[in-house]
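Subject: Structure handover

Hello,

Below is the structure I said I would pass on. Please look it over first; my notes on what was found follow it.

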Amino acid sequence: MDDTRRRLVHCIFGHAGCYVFGVASRGRILIVDDEANARAALSEILHDEGYQTETAADGFKALRKLEEFQPDVILTDVKMPGLDGIAFMDKARAAAPTAVFIVMTAFGTISSAVAAVKKGADNYLTKLLEYESLSAVVERAMEKARLLQETRRLRDRLRDRNAFRHIVTDDPKM
């Protein structure tokens with residue numbers, strides 16, 4: 001997609017999702033990385049795959065973007081100045097309870113992967129990312145996010161539907 005069309009992208013949010021030039025978006029992804037080149041490259045790759053992307057340079061900036069952007073998937077670096085990726089995940093859970101987290105790092109070890117998963121990451125990628133791996137992991141994360149969102153909607157509907165059915169009273173007027 002050329003730069004002119006990118007600037008003209010307009011999304012309309014609703015029950016049917018997000019539409020970019022009449023084509024349904026594959027979902028929303030927030031990319032959090034302190035390396036500007038990595039953020040830009042990931043954003044472009046994922047945007048070209050049909051995802052709506054937003055970027056943040058650190059965990060604090062990402063927290064501010066969560067409410068307005070409402071991502072389905074959050075791709076975050078582990079080592080960042082200020083609020084690192086693991087601490088960001090802890091804080092972001094309250095603001096984005098159905099978001100799926102993918103953690104990336106250039107310093108991948110088995111122990112850091114285990115720690116990230118224990119803290120709530122759904123997947124763990126080491127940089128330099130391979131396109132096929134990134135695409136597959138993001139696709140699976142997006143599907144999980146959709147399932148979490150649907151589960152939440154269904155639970156809310158059930159709660160609303162059954163809100164007054166369990167009231168028991170002896171009052172004949174009721």
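**Overall layout**

Read from the N terminus, the elements of the chain follow the order α-β-β-β-α-β-α-β-α-β-α-β-α. That gives six helices and seven strands; helices (H or I, at least four residues) and strands (E, at least two) are DSSP runs, numbered from the N terminus.

Two notes on the source. This is a predicted model, in which local features need pLDDT of at least 70 and side-chain atom pairs count only at pLDDT 80 or more, while totals for chains, interfaces and linings use all residues. Residues are numbered from 1 along each chain as its sequence is written, and side-chain values use heavy atoms, with hydrogens and water left out.

Of the 174 residues in the chain, 36% are buried. Here buried means under 20% relative accessible area, exposed means over 50%, and partly exposed is in between (1.4 Å probe, protein chains only). The accessible surface of the chain is about 11,000 Å², and carbon and sulfur atoms account for 54% of that; these areas come from the Shrake-Rupley method with a 1.4 Å probe, and for residues only the protein chains shown count as cover. Contact means heavy atoms within 4.5 Å. Among contacts between residues at least 6 apart in sequence, 60% join residues at least 24 apart.

**The sheet**

Five strands form an open sheet in the order S4-S3-S5-S6-S7, and the pairing is parallel. Two strands pair if DSSP finds at least two bridges between them. At the edges are strand S4 (52–56) and strand S7 (123–126), each of which pairs on one side only. From one strand to the next, the twist averages 20°. For angles, axes are lines fitted to C-alpha atoms, for helices over the stretch in contact, and the values run from 0 to 180 degrees between N-to-C directions.

Strand S3 is mostly covered, with five of its five residues buried. Arg-28, Leu-30 and Val-32 point one way from S3, while Ile-29 and Ile-31 point the other way. S3 pairs with S4 in the parallel sense over five bridges; Arg-28 stands opposite Gln-52 in S4, and Ile-29 stands opposite Thr-53 in S4. From S3 the chain crosses through helix H2 (residues 36–48) to S4, in a right-handed β-α-β crossover. Right-handed means that, with the strands pointing away from the viewer, the path from the first strand over the helix to the second runs clockwise.

S3 also pairs with S5 in the parallel sense, over four bridges, and there Leu-75 in S5 is the bridge partner of Ile-31. Further along the sheet, strand S6 (residues 100–105) and S7 pair in the parallel sense over four bridges, with Met-104 opposite Leu-125 in S7.

**Two residues of S5**

Val-73 lies in strand S5 and counts as buried because its relative accessibility is 0%. Leaving aside its neighbours within four places in sequence, Val-73 is in contact with residues including Arg-28, Ile-29, Val-100, Ala-141 and Met-142.

Leu-75 and Leu-125 are 50 residues apart along the chain, and their C-alpha atoms are separated by 9.6 Å.

**Helix packing**

Two packed helices are described by the angle between their axes and the distance between the axes. Helix H3 (residues 59–69) and H4 pack at an angle of about 10°, with their axes 10 Å apart. H3 is therefore roughly parallel to H4; angles under 35 degrees count as roughly parallel, over 145 as roughly antiparallel, 65 to 115 as roughly perpendicular and the rest as oblique. The contact is made by Gly-59, Ala-62, Leu-63 and Leu-66 of H3 with Phe-88, Lys-91, Ala-92 and Ala-95 of H4.

Regards
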